[in-house]
Structures are given as structure tokens and as C-alpha cells.
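Welcome! Keep the picture open as you read.

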Amino acid sequence: MPNTRVLGSVLFLPDRGRAIIDTASASGLPLAPDPRDPWAATSRGTGELVVEAVRQGVREVWLGVGGSGCTDGGRGAVEAILDGGGLGNATLKVLCDVRTVYEDAPRTFGPQKGADPAVVAALERRLDDYASSLPRDPRGIPGSGAAGGLAGGLWEQFGATLSSGIEEIIKLLALRDKLSEVDLVVTGEGQLDQQTAQGKVIAGVLAMCAGAVPVHAVVGRTRLTRTEAHELGLDSIQVASTAAQITCAGSRIAALPREATSPPHGLG
């Protein structure tokens with residue numbers, strides 16, 4: 001983020017062969033100063049975490065790109081990685097939570113990062129100019145717009161694999177194998193909205209369950225109507241922001257019937 005030093009973190013798996021990094025820990029929206037400056041916000045800190053992981057000798061870096069506060073097309077992270085000597089023999093997998101393409105990142109995510117229409121237009125021009133200068137164009141690649149184009153920049157420069165984050169976690173934890181052992185599934189998200197169906201955690205969980213068990217969501221807020229939420233496949237939505245509210249939401253879910261449901265309960 002612009003002119004801000006923060007302490008980021010890297011998770012090394014026990015065999016030290018893989019590192020997992022959360023973009024939000026170094027370039028997250030909550031780290032942005034007030035007022036926000038979406039033009040100056042940079043992904044460089046995320047790149048510095050990748051460099052540190054590579055220095056520790058990992059063979060693979062998994063980078064989660066949700067919750068970013070930057071729309072620099074990945075330029076800051078790319079420059080930091082190149083300044084740090086590149087990836088060496090390590091590979092990079094970007095765990096995306098949307099399928100947004102590179103050129104749509106400013107319009108889709110810019111307003112929530114503090115960009116007004118004029119700044120959105122300027123960010124679009126900047127990403128377009130940057131993409132035009134690259135040997136491999138990230139525009140049009142599904143998921144390349146994640147984290148304000150960070151995913152696309154890493155795809156172009158380092159051949160990063162762009163994967164569905166929730167699908168990778170489902171496979172890593174073998175969650176599909178556990179469905180026969182449960183009565184229901186509880187999932188969550190900060191905000192339930194039109195982006196939810198575009199690769200977010202809840203969409204992935206719903207696809208995994210495929211109607212086999214009820215799926216209930218606990219969210220910080222919702223912008224979907226009851227009908228829209230029901231059409232998405234959710235059996236209930238509980239709005240909760242504090243620990244106490246989340247506890248109450250759990251109690252309400254536990255009290256719901258286990259059979260197939262009518263439109264979602266608990267909105268508001």
C-alpha cells in the first residue's frame with residue numbers, strides 16, 4: 001500500500017516445499033490509509049513476501065489474492081520479485097476468488113477500493129497501457145483481474161497458474177470425501193452480492209455440495225434478495241459481524257429443519 005510499512009506473513013508447510021501467502025496481509029484493503037488512494041496503492045509488498053518465500057528454498061508458492069486494496073495490474077509485485085532475483089526454480093500458483101478478466105478489474109473492484117468514476121477510467125487506461133507493453137497479454141484471461149490485475153501480471157511475467165482458490169482448498173482438505181458424514185455445511189463471506197457466484201468461496205461450496213446437503217451462509221452483510229439467495233442455492237443466510245452474533249447465527253442454523261428448505265431465513 002502507498003507509503004505504508006506493515007508486517008506481512010508467510011506460511012511454510014511442514015516439509016518447507018510449499019509456502020502460502022495471503023495478498024491481504026501485505027496489500028489488503030484494510031491496510032489502506034484514510035482517505036484511500038486507489039491510484040497509489042501498490043502490490044509491491046505482496047511481491048516482497050513472495051521473494052522471502054523463494055529465499056527460504058520453497059519449490060512452490062501459493063498466493064491467495066482476495067481482499068486486496070490495489071489496482072496496479074500486478075506491476076508492484078512483479079517489480080519486487082524481479083528486484084529480488086525472480087522465482088528461481090519455484091513455481092507460482094495464484095488462488096483466485098473471481099473469474100474477472102484483467103481489463104475489467106478497475107470497473108469491477110475500483111469503487112470498493114475508493115476509486116470514483118474518473119479514477120476508475122484512469123486505472124483502466126493504466127492497466128491497458130501496461131498490458132499493451134507486455135510480451136504476453138493478460139487481457140481476456142479468466143481470473144486475470146483478481147486483486148486489481150495482480151493475478152494477470154504474475155501470469156504474464158512468471159507463468160503463474162491461475163486456479164480457483166476454493167477448489168484448491170476443497171481438494172487439499174478432501175472435503176468432498178467428507179460430505180457423506182455431515183448433515184449440513186456452513187460457509188461464509190464478508191459480503192454476499194452479485195460477485196459471489198463468480199468464483200467466491202460460497203459458490204465453490206455450493207458446487208461441491210450440489211444439493212446433497214443443505215448449505216447455510218454466515219455473512220457480514222448481504223446485497224442479495226431472499227429470492228436471489230435461494231436461486232443461488234443457499235438454504236439460509238445469517239447476517240453476523242461480531243463473535244456474539246456469529247454464535248447466535250450458529251444456534252439459529254442448528255435449530256433449522258434438516259430437510260430441503262424454502263427461501264432463506266435470517267436475512268437482516
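The crossing in which H2 passes H3 is right-handed. Please keep in mind that this is a predicted model.

Which residues bring the two helices together? On the H2 side they are Arg44, Gly47, Glu48, Val50 and Val51, and they meet Gly76, Ala77, Glu79, Ala80, Ile81 and Asp83 in H3.

## The sheet

Next, look for the open sheet, where 5 strands follow the order S1-S2-S3-S4-S5 with mixed pairing. At its edges are strand S1 (10-12) and strand S5 (161-164), each of which pairs on one side only. From one strand to the next, the twist averages 25 degrees.

Strands of a sheet pair through backbone hydrogen bonds, and they may do so in parallel or antiparallel fashion. Here S1 and strand S2 (residues 18-22) run antiparallel, joined by 3 bridges. Within this pairing, Val10 stands opposite Ile21 in S2.

## Helices against the sheet

## Nonpolar cores

Now for the inside. The largest nonpolar core has 35 residues, and Leu92, Val94 and Leu154 touch the most other members. Several elements each supply at least two residues of this core, including S2, H2, S3, helix H3 (75-83) and S4. Its largest share, 6 residues, comes from H6.

What does Leu154 touch? Leaving aside residues up to four places away in sequence, its contacts are Leu63, Ala77, Val78, Ile81, Leu92, Val94, Gly159 and Ala160. Apart from this core lies another, made of 18 residues, among them Ile166, Ile170, Leu179 and Ile237.

## A glutamine to find

Finally, try to locate Gln238, which lies in strand S8 (residues 236-239). Is Gln238 buried or exposed? Its relative accessibility is 1%, so Gln238 counts as buried, the cut-off being under 20%. The side chain of Gln238 has a polar partner as well: it makes a polar contact with the side chain of Arg252, at 2.6 Å.

How values were computed
Residues are numbered from 1 along each chain as its sequence is written. This is a predicted model: local features need pLDDT of at least 70, side-chain atom pairs count only at pLDDT 80 or more; totals for chains, interfaces and linings use all residues. Side-chain values use heavy atoms; hydrogens and water are left out. Two strands pair if DSSP finds at least two bridges between them. Helices (H or I, at least four residues) and strands (E, at least two) are DSSP runs, numbered from the N terminus. Axes are lines fitted to C-alpha atoms, for helices over the stretch in contact, and angles run from 0 to 180 degrees between N-to-C directions. A nonpolar core is a set of buried Ala, Val, Leu, Ile, Met, Phe, Trp, Tyr and Cys residues joined through side-chain atoms within 4.5 Å. Buried means under 20% relative accessible area, exposed over 50%, partly exposed in between (1.4 Å probe, protein chains only). Contact means heavy atoms within 4.5 Å. A polar contact is a pair of N or O atoms within 3.5 Å; within protein, one must be able to donate a hydrogen and the other to accept it, and residues adjacent in sequence count only if both atoms are side-chain atoms. A crossing is left-handed if the near helix is turned anticlockwise from the far one by less than a right angle, and right-handed if clockwise.
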